[in-house]
Amino acid sequence: MANLRDIKDRIKSIESTKKITRAMKMVAAAKVKKSETAVKAARPYTRELVHMFQKLLNSVTEFSADTLKIKHAIDDYPALLQKREVKNVGLLVLTSNKGLAGAYNANVVRETLKRIKEYKDSGIGVYLFIAGQKGISALKKKCAQLNCPIVHEYYSAIENPSPMEAREIAEDMAEYFVSHKIDKVEIITTKFKNMMYYFVEDWPVLPVFGVVDVYDRITDDILDPLMEFYPDKHHILQKIVPMYMTNIFYQALLEAQASELASRMTAMSAASTNAEKMIKELSIEYNKTRQFAITQEIIEVVSGANSQKG
């Protein structure tokens with residue numbers, strides 16, 4: 001039977017763990033509410049921006065950069081809208097910087113490896129852009145074996161999603177696309193459903209033709225012919241394309257953050273519940289062991305007294 005001191009030490013250790021998991025659960029619960037609000041507030045804008053962008057594309061028959069000033073790759077909208085044979089794909093993978101979030105990171109990594117295998121089997125190369133320490137750590141060795149280099153790593157973007165962080169990622173991927181290092185841009189993220197549920201999704205970003213937006217809304221209609229653009233459609237597209245890319249990345253970051261926090265809250269809640277169960281079980285074992293020790297002492301005392309009488 002286990003030693004009383006060992007059982008008592010185990011109970012204290014689990015109680016300490018329970019305090020940590022409860023605190024982490026409370027922190028995650030406070031953050032996830034704020035993150036959920038941000039996700040739901042951003043979705044209508046993202047939906048309408050994608051809808052408007054697709055309608056604008058349907059109304060433009062040719063693209064030209066002749067009258068445009070191009071400072072960065074993301075401003076070169078004709079190159080970004082170019083549809084060509086896919087030889088290499090750029091995957092943006094969104095994970096977390098910290099662990100203890102249940103199966104969140106494992107699910108994203110699993111989907112990423114699945115996509116890499118599918119592309120490799122089709123003879124298509126893969127370049128990885130990874131946000132989150134956990135994804136970087138999990139994929140670094142495996143991607144070295146699969147020959148899919150990690151070309152950019154992001155840490156702060158996943159902790160504090162912002163349009164500026166999203167813009168940085170968009171510019172990096174646009175640079176690779178315009179220079180023909182990649183021919184397709186895709187995001188592997190998680191779609192936040194509610195506090196208890198999220199799911200991993202692949203979001204196509206470039207090329208944009210025939211794309212179904214992230215909210216499953218297909219837009220085949222054409223702009224109202226009475227609508228006019230100033231100065232012209234080309235200048236507007238040069239503004240809209242960077243907005244489209246940046247906002248898609250920003251929305252993906254928001255969805256990933258909310259999913260991660262919800263998964264962490266659920267995991268810490270389950271850990272706290274399991275800790276309580278273990279403490280109860282160990283307390284029962286402790287009491288049984290203590291009672292057994294007391295009984296043994298009584299038996300020894302009685303046996304000693306009887307032996308003296310004899």
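Modeller: What follows starts with the whole chain, then goes to the sheet, its helices and a few loop residues.

This is a predicted model, so local features need pLDDT of at least 70, side-chain atom pairs count only at pLDDT 80 or more, and totals for chains, interfaces and linings use all residues. Residues are numbered from 1 along each chain as its sequence is written, and side-chain values use heavy atoms, with hydrogens and water left out.

First, the overall layout. The protein chain has seven helices and five strands. Helices (H or I, at least four residues) and strands (E, at least two) are DSSP runs, numbered from the N terminus. Read from that end, the elements run α-α-β-α-β-α-β-α-α-β-β-α. The chain has 310 residues, and 44% of them count as buried. Buried means under 20% relative accessible area, exposed means over 50%, and partly exposed lies in between (1.4 Å probe, protein chains only). Take the contacts between residues at least 6 apart in sequence: 79% of them join residues at least 24 apart. Contact here means heavy atoms within 4.5 Å.

Now the sheet. It is open and has five strands, in the order β3-β2-β1-β4-β5. The pairing is mixed. Two strands pair if DSSP finds at least two bridges between them. Strands of a sheet pair through backbone hydrogen bonds, either parallel or antiparallel. The edges are β3 (150-154) and β5 (197-206); each has a single partner strand, so one side of each is left without a neighbour in the sheet. From one strand to the next, the twist averages 20 degrees. Axes are lines fitted to C-alpha atoms, for helices over the stretch in contact, and angles run from 0 to 180 degrees between N-to-C directions.

β1 and β2 are parallel, with seven bridges. In that pair, Leu-91 stands opposite Leu-128 of β2. β2 is mostly covered, with six of its seven residues buried. β4 (residues 184-194) and β5 are antiparallel, with nine bridges. They form a hairpin, and two residues lie between the strands. Val-185 has Leu-206 of β5 as its bridge partner. Ile-187 stands opposite Trp-203 of β5.

Next, the helices on the sheet. α3 lies across β1 (88-94), β2 (125-131), β4 and β5. Its direction is at about 150 degrees to β4. α4 also packs on the sheet, touching β1, β2 and β3. The direction of α4 makes about 170 degrees with that of β3.

These two helices also meet each other. The axes of α3 (residues 104-121) and α4 (residues 133-146) come within 10 Å and cross at roughly 25 degrees. That makes α3 roughly parallel to α4. (Angles under 35 degrees count as roughly parallel, over 145 as roughly antiparallel, 65 to 115 as roughly perpendicular and the rest as oblique.) The crossing is right-handed, meaning that the near helix is turned clockwise from the far one by less than a right angle. From α3, the contact uses Asn-105, Val-109, Thr-112, Leu-113, Ile-116 and Lys-120. From α4, it uses Lys-134, Ala-138, Leu-139, Lys-142, Cys-143 and Leu-146. By type, the contact residues divide into seven nonpolar, two polar and three charged. Ala, Val, Leu, Ile, Met, Phe, Trp, Tyr, Cys and Pro count as nonpolar, Asp, Glu, Lys and Arg as charged, and the others, Gly among them, as polar.

Cys-148 ties into this region. It lies in the loop between α4 and β3. Not counting residues up to four places away in sequence, Cys-148 touches Ile-116, Val-126, Leu-128 and Cys-143. The C-alpha atoms of Cys-148 and Leu-128 are separated by 6.8 Å, with the two residues 20 apart along the chain.

The peptide bond from Leu-206 to Pro-207 is cis, with omega near -10 degrees. Pro-207 sits in the loop between β5 and α7 (233-309). Leu-100 is not a glycine, yet has a positive phi of about 55 degrees. Leu-100 is in the loop between β1 and α3, and counts as exposed at 54% relative accessibility. His-180 is not a glycine either, and has a positive phi of about 65 degrees. His-180 lies in the loop between α6 (163-178) and β4, and counts as partly exposed at 46% relative accessibility.
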